[in-house]
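Here's a quick tour of the model on your screen. Keep the viewer open and follow along.

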Amino acid sequence: MALLEVTNLTKHFGGLTAVGDVTLELNEGELVGLIGPNGAGKTTLFNLLTGVYEPSEGTVVLDGTLLNGKNPYTIASLGLSRTFQNIRLFKNMTVLDNVLLGMNNHHKPHTLSALLRLPKFYNSENNLREKAMELLTIFGLETKADHLAKNLPYGQQRRLEIVRALATEPKILFLDEPAAGMNPQETAELTALIRQVKEEFGITIILIEHDMSLVMEVTERIYVLEYGRLIAHGTPDEIKNDKRVIEAYLGGEL
Ligand SMILES: Nc1ncnc2c1ncn2[C@@H]1O[C@H](COP(=O)(O)OP(=O)(O)OP(=O)(O)O)[C@@H](O)[C@H]1O
Ligand SMILES: [Mg+2]
């Protein structure tokens, strides 16, 4: 059985079928791409999988657990974590606090020991800090730990979003256009980081991205959406040469 099984997933917005009859699966440890022209339904699909929207039809099953009807917080605690197409950081908090906030969802110190400030509380707080700093170091942000998130350059804010999502120790990481707005050098660095995260953490990743060089370089399999429907699925090489995909991108770059 796959780690995530999505079956006949559909989302209507009024008369529009933003996601139509999508069936796909993610296996443990895979790095999968999700591509398609603007408005194809990629973000909506993420929103369905992470509980932001309820499907009109179809099912989402994580590790044997049906996610339909569960709220985003519950789904996050079951192991799905994401970044957003538009950066959503706590801009007036420090870089470190942004990361700690994600961790606290899952590793709440015992309330009583927190109230009484028992050693157990301090220990767990220190452990969390250490872990957060390790993640920030991997992403080259350790010297920025005390800076306010809003003062980071754009590319670093995007990386911080990934650190924050990783801090929850998800089973599956959903990245919505992580390289959007990055210059080629930042994109190349991010590509290397995503690969490193997959290898070091053995985490399952699904990635929406318009930057084809990034997608083709890091992913093992790719799903292609157009007008809410899956039109192709295969290895990067298969997708590059798929007639329907090339047609869907006509005028664009692939
Ligand atoms: N909350 C909503 N209400 C109504 N329509 C919506 C809503 N969210 C998305 N849509 C519509 O659903 C379709 C798919 O949008 P979606 O944002 O999922 O596309 P996308 O593939 O992520 O595009 P992009 O590459 O531009 O980010 C679009 O036509 C969009 O206008
Ligand atoms: Mg989108």
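## Two helices side by side

Helix H6 (residues 154-166) packs against helix H7 (residues 184-201) at an angle of about 10 degrees, their axes 11 Å apart. That makes H6 roughly parallel to H7 (angles under 35 degrees count as such). Axes here are lines fitted to C-alpha atoms over the stretch in contact, with angles from 0 to 180 degrees between N-to-C directions. Helices (H or I, at least four residues) and strands (E, at least two) are DSSP runs, numbered from the N terminus.

From H6, Gly155, Arg159, Ile162 and Leu166 meet Glu186, Glu189, Leu190, Leu193 and Val197 of H7, where contact means heavy atoms within 4.5 Å.

## Where it comes from

This is a predicted model: local features need pLDDT of at least 70, side-chain atom pairs count only at pLDDT 80 or more, and totals for chains, interfaces and linings use all residues. Residues are numbered from 1 along each chain as its sequence is written, chains are lettered from A and ligands numbered from 1 in the order in which they are written, and side-chain values use heavy atoms, leaving out hydrogens and water.

## The sheet

Look for an open, antiparallel sheet of 4 strands, ordered E2-E1-E4-E5; strands pair if DSSP finds at least two bridges between them. Strands E2 (16-26) and E5 (65-66) sit at the edges with a single partner strand each, so one side of each has no neighbour in the sheet. E1 (residues 4-13) pairs with E2 over 7 bridges.

Technical notes. Angles under 35 degrees count as roughly parallel, over 145 as roughly antiparallel, 65 to 115 as roughly perpendicular and the rest as oblique.
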